[in-house]
Amino acid sequence: MPLTTVSEGRVYDWSHAVGRNAARGPGFNYVQTMCLGKDGVLYAANRGNENNFGMHVNKVKLGGPGEEEFIADFCEYGEGEGDCTWPFGVAVDNNDHVYVSDDWTNTISVFDSSGKFLRKWGTTGSADGELCHPAGLAVEKNGNIVVVDSGNNRLQVFTPEGKFVGKCGRAGSGDGEFNQPWGITLDKDGNIYVADWKNHRVQKLSPEGKFLMKFGQYGKVDAPEGAYAVTMFGPYVTASSETAHYPKPGLLNHPTDVAVDSDGDIYVTDWGNHRVCVFDAEGKPVANLIGDAQVLSKWGEQTVDANPDMKKARRRVKSLEPQWRFCFPTAVEFDSATDSIIVADSQRNRLQIYKKVRDYSDFQANL
């Protein structure tokens with residue numbers, strides 16, 4: 001049975017996990033960011049450190065439990081065209097062109113959907129159109145690319161060919177100011193949401209870059225010894241938990257990414273607190289997801305089945321519960337076609353997928 005989180009009129013069923021630790025082929029290697037393409041295709045930027053072999057983007061076809069398919073690796077470590085040194089953001093446009101930011105070389109590389117290199121643009125600096133540690137990427141409806149220019153604490157907009165269009169933001173902690181921003185997303189109206197990493201908050205901007213809203217403040221959430229943090233701001237808690245921990249609502253510890261669903265609910269990867277925080281459209285905290293992967297992914301099962309010593313070692317572990325939970329999640333996407341919340345569980349080298357349930361009901365028991 002899937003684990004269910006219920007809070008404030010919202011229901012989330014844990015669905016399944018995807019991935020395993022792999023420098024190449026089926027699996028992930030410290031997945032950093034990701035984006036959804038068409039028909040359930042996902043692109044993920046990996047920043048593993050296995051002699052740099054983990055540096056690449058992989059393309060995976062998602063589906064139901066056990067249906068995931070590995071398609072390709074590309075943008076691998078190197079200094080040539082089509083290579084990357086320190087991949088960070090990834091985004092895909094309506095032409096299935098994939099954009100990858102390189103945090104080290106301050107460039108944006110462009111590939112077709114098969115991973116074939118098309119072009120590269122970007123120069124280092126702080127002037128208009130120059131980049132310093134580019135991070136998250138998002139594609140506007142008109143095809144322009146919004147780049148989180150993290151080292152310059154601003155957003156910049158470019159055409160797909162790399163021509164500078166505009167900018168907003170500066171260093172600071174005021175409205176519309178940033179301190180090492182990281183992930184970015186756009187809602188259905190083109191509004192911009194930015195994970196303001198060192199300011200421990202999310203900011204919402206208009207499509208023109210005007211400040212609209214902010215939410216979140218710094219706070220470290222510690223689970224009681226031997227327990228795991230489960231925080232709900234309604235009458236229910238995650239079904240798998242024996243204990244519940246209730247910190248002050250709205251706390252964030254270095255948020256890394258943000259996604260918005262079709263109802264306007266906002267999902268934030270609360271990196272330092274090992275969870276995904278759910279906020280409503282007004283920025284009110286309503287629920288947290290902490291990871292519920294009691295079942296290994298298909299690729300994880302294949303790894304264990306192929307290694308008898310690993311299978312024996314898992315049987316000796318007193319509790320596998322720590323493995324179920326998120327460990328420094330870095331990215332989140334919402335797939336409106338399947339009502340799925342997809343979370344990059346970075347240190348576990350996997351994705352965890354939840355379903356937002358639209359027609360949930362519980363049977364009534366007469367006690």
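**View 1. Helices α1 (298-305) and α2 (308-316) each supply at least two residues of the lining of the second largest pocket.** This is a predicted model: local features need pLDDT of at least 70 and side-chain atom pairs pLDDT 80 or more, while totals for chains, interfaces and linings use all residues. Residues are numbered from 1 along each chain as its sequence is written, and side-chain values use heavy atoms, without hydrogens and water. With three residues, α1 gives the most to this lining (helices are DSSP runs of H or I, at least four residues; strands are runs of E, at least two). In total, 16 residues line the pocket, and Leu296, Gly300, Val304, Arg314 and Gln323 lie nearest its centre (pocket: an open set of points on a 1 Å grid where a 1.4 Å probe fits, with protein on both sides within 12 Å along at least five of seven lines; lining: an atom within 4 Å of a point).

**View 2. Here the largest pocket is shown, with its lining of 43 residues.** Look around its centre for Val139, Thr185, Leu186, Glu333 and Phe334, which lie nearest to it. Strands that each bring at least two residues to this lining include β3 (31-36), β7 (87-92), β13 (134-139) and β19 (181-186). Two others that do so are β25 (255-260) and β29 (331-335).

**View 3. Four strands form an open sheet in the order β19-β20-β21-β22, with antiparallel pairing** (at least two DSSP bridges per pair). β19 and β22 (211-215) are at the edges with a single partner strand each, so one side of each has no neighbour in the sheet.

**View 4. In this close-up, β21 (residues 201-205) meets β22 in an antiparallel pairing over four bridges.** Find Val202, and opposite this residue you will see Phe215 in β22.
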